Amino acid sequence: MHAIARWHNAVERACARRGDFGLLVLRVVAGGHLVYMTQDNVFSWARMEEFARFLAQFGFPWPLFCAVLSVAGQFGGGLALVLGLYTRVAGLVVACNFLVGIWLVVSKQPYPAAFAEGSRHLDVVLGTVNTGILLLSSLTMALAVRSVQT
């Protein structure tokens, strides 16, 4: 067996034994990020009002109510994910919140402007790590399949 295939099999076995740990890390990182990104709106009414004005410019009905509801969904959902409480419900609430945001905000912007605006809010480190993991895992699988075929 080729060295890369052996390495891949060893990694696969290790991950199979620690599948719950991977889900824990995913939950804590995603939930922690949601809590961190919304905590300013939770603890500062001025930031909440700023968010409400942002929603108002995109035609949200009752912008202050929608702002409070959105922040509660993100902060509460993130906290639930971190704590491991009702994770499926929390994930659904967060996903619905973001889908509504995409539908009511991003869909009203012309694409070039939306991409330009979105590029100002990118986390370069997180994106780089994510891309690295994606490329490395794909490369590992491709090389493992190739080594098994030869």
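These are my notebook entries on a predicted model, written as I looked things up.

**Entry 1: the cores**

I started with the inside. The largest nonpolar core has 11 residues: M48, F51, A52, L55, F58, F60, C66, A67, V71, L104 and V105. The top contributor is α3, with 4 residues. Another core lies apart from it, with 5 residues, including L34, A80, A90 and V94.

Which residues does L104 touch, once neighbours within four places in sequence are left aside? The contacts of L104 are F58 and F60.

**Entry 2: T38**

Next I went to T38, which sits in helix α2 (residues 19-43). Is T38 buried or exposed? T38 has a relative accessibility of 3%, so I put it down as buried. Setting aside neighbours within four places in sequence, I found T38 in contact with V71, Q74 and F75.

**Entry 3: cysteines**

How many disulfides does the structure hold? The count is 0. A disulfide is a covalent bond between the sulfur atoms of two cysteines, so I went to the sulfur distances. For C66, the closest cysteine sulfur is in C96, 14 Å away, and that is too far for a bond. The cut-off I needed here is 2.5 Å between the sulfur atoms. Starting from C96 instead, the closest cysteine sulfur is the one in C66, again at 14 Å and too far for a bond.

I also noted the surroundings of both. C96 counts as partly exposed, at 39% relative accessibility.

**Entry 4: salt bridges**

Side chains of opposite charge can pair when their charged atoms come close. I got a count of 2 salt bridges. In one, the side chains of R47 and D40 meet, with 2.6 Å from N to O. In the other, E50 pairs with R47, and the closest N and O atoms are 3.0 Å apart. E50 and R47 are both in helix α3, 3 residues apart, which is about one turn of the helix. Through shared partners, the salt bridges join D40, R47 and E50 into one network.

I looked up how open these side chains are. R47 counts as partly exposed at 34% relative accessibility. E50 also counts as partly exposed, at 37%.

**Entry 5: positive phi**

Most residues other than glycine have a negative phi, and most peptide bonds are trans. With that in mind I wrote down two residues. The phi of W62 is near 45 degrees, a positive value in a residue other than glycine. Where is W62 found? It belongs to the loop between α3 and α4. W62 is exposed, with a relative accessible area of 66%.

Y86 is no glycine either, yet has a positive phi of about 45 degrees. I located Y86 in the loop between α4 and α5. Y86 is exposed too, its relative accessible area being 69%.

**Entry 6: the nonpolar patch**

Together, L79, L83, L85, Y86, V89 and V93 make a nonpolar surface patch of about 610 Å². The elements that give two or more residues to this patch are α4 (63-83) and α5 (87-104). I followed up V93, which lies in helix α5. Is V93 buried or partly exposed? V93 is partly exposed, since its relative accessible area is 39%.

**Entry 7: R146**

Last, I looked at R146, placed in helix α7 (residues 124-149). R146 counts as exposed, with 58% relative accessibility. I took A90 as the reference point, having met A90 in the 5-residue core. How many residues separate R146 and A90 in sequence? They are 56 residues apart in sequence, and 41 Å apart in space from C-alpha to C-alpha.

Terms used
Residues numbered from 1 in each chain as written. Predicted model: local features only at pLDDT ≥ 70, side-chain atom pairs only at ≥ 80, totals over all residues. Heavy atoms only, no water. Patch = residues over 30% accessible without salt bridge, like charges linked within 9 Å, V, L, I, M, F, W, Y side chains within 5 Å. Areas by Shrake-Rupley, 256 points an atom, 1.4 Å probe, with all protein chains shown as cover. Salt bridge = Lys/Arg side-chain N within 4 Å of Asp/Glu carboxyl O. Buried < 20%, exposed > 50% of the residue type's maximum accessible area, 1.4 Å probe, protein only. Core = buried A, V, L, I, M, F, W, Y, C linked by side-chain atoms within 4.5 Å. Contact = heavy atoms within 4.5 Å.
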